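Have the structure open as you read.

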Amino acid sequence: MTWSVSARGAHQPDNTAFTQQRLPAWQPLLSAGITLPLFFCAGLAFIGLGLGLFYSSNGIKELEYDYTGNPGTGNCSLCATEGQGRSPPPNCSCAWHFSLPELLPGPVYLYYELSNFYQNNRRYGVSRDDAQLSGLASALRHPANECAPYQLSATGLPIAPCGAIANSLFNDSFTLWYQRRPGERYVEVPLDRTAIAWWTDYHVKFRNPPLVNGSLKLAFSGTAPPPNWHRPVYELSPDPNNTGFINQDFVVWMRTAALPTFRKLYARIRQGNYSAGLPRGAYFVNITYNYPVRAFGGHKLIIFSNISWMGGKNPFLGIAYLVVGSLCILMGFVMLVVYIRYQDQDDDDNDDE
Amino acid sequence: MKVRQAIPITSELGDISKLAKFDGEVICEPPNNKLDKFSGTLYWKENKFPLSNQNMLLRGCVLRNTEWCFGLVIFAGPDTKLMQNSGRTKFKRTSIDRLMNTLVLWIFGFLVCMGVILAIGNAIWEHEVGTRFQVYLPWDEAVDSAFFSGFLSFWSYIIILNTVVPISLYVSVEVIRLGHSYFINWDKKMFCMKKRTPAEARTTTLNEELGQVEYIFSDKTGTLTQNIMVFNKCSINGHSYGDVFDVLGHKAELGERPAPVDFSFNPLADKKFLFWDPSLLEAVKMGDPHTHEFFRLLSLCHTVMSEEKSEGELYYKAQSPDEGALVTAARNFGFVFRSRTPKTITVHELGTAITYQLLAILDFNNIRKRMSVIVRNPEGKIRLYCKGADTILLDRLHPSTQELLSSTTDHLNEYAGDGLRTLVLAYKDLDEEYYEEWARRRLQASLAQDSREDRLACIYEEVESDMMLLGATAIEDKLQQGVPETIALLTLANIKIWVLTGDKQETAVNIGYSCKMLTDDMTEVFIVTGHTVLEVREELRKAREKMMDSSHTVGNGFTYQGKLSSSKLTSVLEAVAGEYALVINGHSLAHALEADMELEFLETACACKAVICCRVTPLQKAQVVELVKKYKKAVTLAIGDGANDVSMIKTAHIGVGISGQEGIQAVLASDYSFSQFKFLQRLLLVHGRWSYLRMCKFLCYFFYKNFAFTMVHFWFGFFCGFSAQTVYDQYFITLYNIVYTSLPVLAMGVFDQDVPEQRSMEYPKLYEPGQLNLLFNKREFFICIAQGIYTSVLMFFIPYGVFAEATRDDGTQLADYQSFAVTVATSLVIVVSVQIGLDTGYWTAINHFFIWGSLAVYFAILFAMHSNGLFDMFPNQFRFVGNAQNTLAQPTVWLTIVLTTAVCIMPVVAFRFLRLSLKPDLSDTVRYTQLVRKKQKAQHRCMRRVGRTGSRRSGYAFSHQEGFGELIMSGKNMRLSSLALSSFSTRSSSSWIESLRRKKSDSANSPSGGAEKPFKG
């Protein structure tokens, strides 16, 4: 790679700061004056933040119940065994009874959690057609190849919505009943099922195909529902703003989880008498048990939780901040000691000279 | 300079028409690389004429003393001796390049290992979980078993983890080197004003190796010296002239000299001659007889030719620059050598022309180390004038000169101490009868058939005895500017300098002293001159034994004979106490370089502080370099200016050509070129050092950032069923290496400086990390990799810990895949940016711009990619719509990013601070002291400026060849009239050429420089 930049007898090089490598520059050095305060300040700040996070996380109350229905774990095991090996599983309901000794401050959120469910599997994650979900008519009829084997139905009709994610839509449903005093009648607690999806998902990413003659059903004509579904996509909800591709449950489900154990929001409880939270008393959740998870060793949980400024219960962050902060302080002291001893030595050296 | 002549028979081809009719035939040896030998025969007009090296002009020669010549081309192109000597052109690569290739291979192996681990993981997962999860995620049609799925997963992982193999590394490295090369070209401090030549990096691939040089192989003439001789001092009759005194009477240093002596009284004076001591001229004007005799000798006893183009315009054509300097000095002091014929010499002595009869020239040769003339002055007195090496001449003086001898010896020591080349001058009056008798015997001897030279030598010896001492001269072989300082500085930087020269031993040693390579502080200078294998081996063995004995490290049981385990020998010899130097002759070197002795030679040489190889051929130069390259695992640099240095320049790791001197072959073969030796210190200590530093920092960071980036996928594999799911968005993967992280590290690689340039000159020890290869080696590489993996672990597991349970502040799901991807990507970009900020030691505006710019560009692109507009156009390509604003609005996400950054960076800061406090590098100390503006500690500035005491005996050196006396006396080389020429028979002239040729081939020819062709025709 021989290469010659200038001809013989060339001009004198330019005398600029750039060519002579004399550009003005800031030359930071990790001196004690910077490093030690950095460590102590960072340590204190982290401990402070950690304490805040820890207490706010501790203040959050969570109630959870595993209703997978493994044998001997409550009345859902009946549904689980009944549904085993049958497709579609029969309609089956079970219930979770619990009581609150005191008010669970609101707003209270109802989540379902699945574990050992690999929404983050690459083949699972790509098995969708965002063009179809964004309401493009052409994509509705011609789902992307990534959707295979849920691209076309057995009869050759395009599946809408196509893909493994849509096909595996979580279809258990919950109702919450409250009994203020023993012996009283259970009243249903209203569950707010709107706005459980991201605004951008609901308004931008997911759109129904253009209506045909004002009918969503006609718009979807010539398509087949995913094989696991009992009803077509346009009948997911009677509410026209919550059906088709913009059904909130569907949108929530389609935002795939990062980890094999994940929780998704089912509903908020913030209406009527329950805006302050769930008052003390007895409750039960009526669960419509449809979704099989036992085949692959998965678990289904139902969770009530309230949240703080930084989201739901999350002890990890607070503890991590506390640990890191303490380590910073500790390291700071070690460095301080080293620095002082080194300084002494240095002075001695100077004296010797 | 060398004499080259056409064979006499061709002299009749003077004009072009005759030349065109020339129809001779040359039969000669096949092409070879021996510069000093040629044998062939010219068949012409049914006669045979022998051709020897004396009749050859080699390719690359420059004609002196004649404007043109006719010639016959014997070999051309690759068959020329020069090209035969040049050796193969090798593709040069730096050690970092080779290391890099190894490391990339290792990384590739690592990649395959990761692929295998994850593939096995995938097979197990599909077997245990995947088969049962088929309810929701059926296998692809083609996949029929977990094993096959694992196999596919292997290839998927090879693809997604391939970013760990830094493909863009090679491009970036080249860009950085290109930048460094431009900085070398642009450097004003390496621009030679006089010749208007800038330094030039002729290759862009070797820059960082400039920071690792351990051995420098230097040519002498034209590289260390200017090949200009200057009459500097003299001692006449016990009085020394030539010291420069300033107004106050102190010895003046350079730069504060008074005006030079005015030679205007002498119309024939050479204007370029400068002398500073007026007392010498006064002595001449006062008519001091000793001084007159001194300069008379200088004007008579030489083999210089004069040419007078017009009246008073004298040109001397000297065969060696030393002689030219002496005769010019005599000329300026009023003893002007005007012209010569074979029998006379005409000298203008202080204005009056005097013609001396030249009776005999007792020519110079290597053994005699002196030359004499015998002249008859106009009064008829016969006198012998002699000049020669002090060691030889001082033994041949008349006992009566004892007193003068001691004072002259003092002066000689003083001159030698200054690194000057000295000659002693003496004369002797001869009786008429004695001379007659002597001349007769000389004639007899010269006609003898056998051992003619020995007989002649005896006869010369006889007459050159009991001489009267006149004085001594001291000639300065002018060094290039700044050579001793440069060598001293490079020595302090622990660079070993070997001088490889075609010159004679005396000259080379002399230059060794004057450029402070050899000093009187040295314990001993070993001189190896053996002619046979055994002699050389013995000499080397003795040298080693001496070094051993003085260091008292080895018992008697240790033998050096035969093949020893070289490592053992090295360890012992490297620790030798005291300073030694080795001088080895070309013919000894030929033996020393043989396969069974080369190790011994190398060990001996490497234990010495300085090594000088003299009378070496170009190929030997290359062999020496090759030897060091082969066994020392050190970076070598060869510097030279002439065609004879080409092979050495090509062989060494780095070849440097001195430009603007003779020829451009050296420059064309070189990797770097500049016009003065002193620029070498800047090239190595500033540019080389910085290049190495920058390249090492760059490589460390580059491997770090790729590992930190890629290994996250590996950890994620364990949580996504080993399905080859990437952690990041595809666009982030594409852009990470080329947009988000490339420019800051490039800016660091191009602009970073740890200490300012003047500091690296002040503290040459700063160069050592490069030689020891401390800044980037396998250990450093593993540290970088470990840091990268550590970062990737935290980069994955901290968000994992947070996201496992967290929900957003509006209660909706946080732990979705896309939010996770954005969080990890953002913290990665921030962490690597902070890391490059920590690594950057020199924040220019460009660094600021690139670092902050990269962060800004990351966020700009992130938001653009996640915007509604792009999604509306390409819904399947931009699936992350709305993600940036949703995710980055979460305090939890930012808390995660801050935590990740702190955990990744704080240990690095702590580690660096502790290292700075506990075990600071010299560069850290320099920076620190600079920061607090303390006075530099004296201990680092141990620049030795030793004023040498003149204990060395002989400063004698004379770049002279024998044969010229005969040449002059035969009158053959003079521009005589055709009449005068015809008076010499063809036969006699061919015989002298014959004898001249024989003598020349006896003494190995030094192949430097150009050719002289005093004989025209």
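Before the first pair, a word on labels: helices here are DSSP runs (H or I) of at least four residues, numbered from the N terminus. Keep in mind, too, that this is a predicted model.

With that in hand, take α25 of chain B, which covers residues 757-762. Glu762(B) and Arg759(B) sit 3 residues apart in this helix, so about one helical turn separates them. The two form a salt bridge, with 3.3 Å between the closest N and O atoms. How accessible are the partners? Glu762(B) is partly exposed, at a relative accessible area of 22%, while Arg759(B) counts as buried at 16%.

## The annotated site in chain B

Which residue carries the "active site" label? In an unreviewed UniProt entry, that feature is placed at Asp219(B). The residue is found in the loop between β7 (213-218) and β8 (225-236) of chain B.

Asp219(B) has a relative accessibility of 3%, and because buried means under 20%, it counts as buried. Leaving aside residues up to four places away in sequence, Asp219(B) touches a set of residues that includes Leu224(B), Leu500(B), Thr501(B) and Lys621(B). Also among its contacts are Ile639(B), Gly640(B), Asp641(B), Asp645(B) and Met648(B). As for side-chain polar contacts, Asp219(B) has one of 3.5 Å with Thr223(B).

## Where the chains meet

How much area is buried between chain A and chain B? It comes to about 9,500 Å², with carbon and sulfur atoms giving 61% of that. Chain A brings 106 residues to the contact and chain B brings 116.

On the polar side, 31 residue pairs are in polar contact between the two chains, counting pairs with both residues at pLDDT 80 or more. On the face of chain A that touches chain B, the elements giving two or more residues are α1 (32-58), β4 (108-115), α3 (122-125), α4 (130-133), α7 (199-205), β7 (262-269) and α10 (315-352). The top contributor is α10(A), with 14 residues. By residue class, this side of chain A splits into 61 nonpolar, 28 polar and 17 charged.

There are 4 salt bridges across the interface of chain A and chain B. Arg123(A) and Glu126(B) form a salt bridge, their closest N and O atoms lying 3.1 Å apart.

Over all chains, the structure holds 50 salt bridges. In chain A, the side chains of Arg270(A) and Asp192(A) make one at 2.8 Å, N to O. Arg270(A) is in the loop between β7 and β8 (277-278) and Asp192(A) is in the loop between β6 (187-189) and α7, so this pair ties together parts of chain A that are 78 residues apart in sequence. Are these two buried or partly exposed? Arg270(A) is partly exposed, at 37% relative accessibility, whereas Asp192(A) is buried, at 8%.

Back in chain B, Arg779(B) and Glu780(B) meet through their side chains in a salt bridge of 3.8 Å, N to O. Arg779(B) counts as exposed, with a relative accessibility of 59%. Chain B also has a network: salt bridges with shared partners join Glu293(B), Arg296(B), Glu349(B), Arg383(B) and Asp429(B).

Note on methods. Residues are numbered from 1 along each chain as its sequence is written. Chains are lettered from A and ligands numbered from 1 in the order in which they are written. This is a predicted model: local features need pLDDT of at least 70, side-chain atom pairs count only at pLDDT 80 or more; totals for chains, interfaces and linings use all residues. Side-chain values use heavy atoms; hydrogens and water are left out. UniProt positions are given in the numbering used here, feature names are shortened, and annotations may be inferred rather than shown by experiment. Buried means under 20% relative accessible area, exposed over 50%, partly exposed in between (1.4 Å probe, protein chains only). Contact means heavy atoms within 4.5 Å. A polar contact is a pair of N or O atoms within 3.5 Å; within protein, one must be able to donate a hydrogen and the other to accept it, and residues adjacent in sequence count only if both atoms are side-chain atoms. Buried area is the accessible area (1.4 Å probe) that two parts lose on being put together, summed over both. Ala, Val, Leu, Ile, Met, Phe, Trp, Tyr, Cys and Pro count as nonpolar, Asp, Glu, Lys and Arg as charged, and the others, Gly among them, as polar.
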